[in-house]
Amino acid sequence: MRIVSLLPAATEMACALGLEDSIVGISFECDTPASITNRPRAVSTTLDVHGKTPRQIDIEVTALMKEGKSLYVVDEALLKELRPDIILTQNLCQVCAPSGNDLSHALAKLDTQPQVIFMSPHSLADVEANLMELAAATGKKKQGARLLADWHKRTDKVIARVEKLRRFPRVFFMEWVDPIYCAGHWLAEMIEIAGGQDPLSRKGVDSVRIEWQDVLDWQPEVIVVAPCGYNREQAEQQLPILQSLPGWDTLPAVQAKRVYAVDGNAYFVRPGPRLIDGLEMLVKLFHPAPFQG
């Protein structure tokens, strides 16, 4: 079995199922586990983000989307050479990975047509369904069931502890800092499970731009900065952008020193196995006293 994964979350899922040796090609963004990074890169990006600010990146991405242009280029010659039996991709976010439209021309040139598995989750249940679809397609149902059992056990532990709490802090989870984007899809669900109140988030639908005044009006007691595509250190480097906003110093989260830069790529925006780590991280950020360690 030969698998080409064009989606970092799918690569992580496949490896968690014990399929690492079957992966013959990955995307330029696939970086976990580290042992997978030596595989050929079947897709690259047309967007050069080096040295650009979040605002500049947003403007460029928005312009490309309006023009109907893709952010990704599938290496058709390499894909043909790799002879995949299964291709993993998505139709959820054109900024995250190639969609079905990006693959159509490349697939037409293949000698045999591989099975294409689209992973386009909107919720945690959808993420689980994606895992089991991949497990079923690759003969790894038992491994998938074990993974799900572990996720459920850890989630139930969080739920049981949160249910004992009497107060749930006002939270704002930020998926982009300039312009500001709220949390969407499964993230809004994770925030709720972890015992946070974030009415600015959007459960089961896209993250969107919001006005800074909306954040000021909400007066969050905890702010989580997790810009999509960035690790923790890169997220931390963007904090000065927020510190320059009017009224920043007046927010309860800022005054209480409860503004957290986190690795959004690893634990939040990629709908893969590490979302459960992200959930456990959130509950500790929202409720530090009961969840020491």
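Which residues does Leu 282 touch, not counting residues up to four places away in sequence? In this predicted model, local features need pLDDT of at least 70 and side-chain atom pairs count only at pLDDT 80 or more, whereas totals for chains, interfaces and linings use all residues. Residues are numbered from 1 along each chain as its sequence is written, and side-chain values use heavy atoms, with hydrogens and water left out.

With contact taken as heavy atoms within 4.5 Å, Leu 282 touches Phe 173, Met 190, Ile 191, Ala 194, Val 224 and Phe 268. A nonpolar core is a set of buried Ala, Val, Leu, Ile, Met, Phe, Trp, Tyr and Cys residues joined through side-chain atoms within 4.5 Å, where buried denotes under 20% relative accessible area (1.4 Å probe, protein chains only). The largest such core has 48 residues, of which Phe 173, Met 190, Leu 282 and Phe 286 touch the most other members. A second, separate core of 23 residues includes Leu 6, Ala 106, Leu 110 and Trp 176.

Ser 5 is buried because its relative accessibility is 0%, and its contacts beyond four places in sequence include Ala 10, Gly 25, Cys 30 and Leu 88. Cys 30 likewise counts as buried, at 2% relative accessibility.

Under the criterion of paired cysteine sulfur atoms within 2.5 Å, the model contains 0 disulfides. Cys 30 is in no disulfide, the nearest cysteine sulfur, that of Cys 15, being 8.8 Å away. The sulfur of Cys 182, a residue buried at 0% relative accessible area, lies 13 Å from the closest cysteine sulfur, in Cys 228, and is therefore too far for a bond.

Technical notes: Buried means under 20% relative accessible area, exposed over 50%, partly exposed in between (1.4 Å probe, protein chains only).
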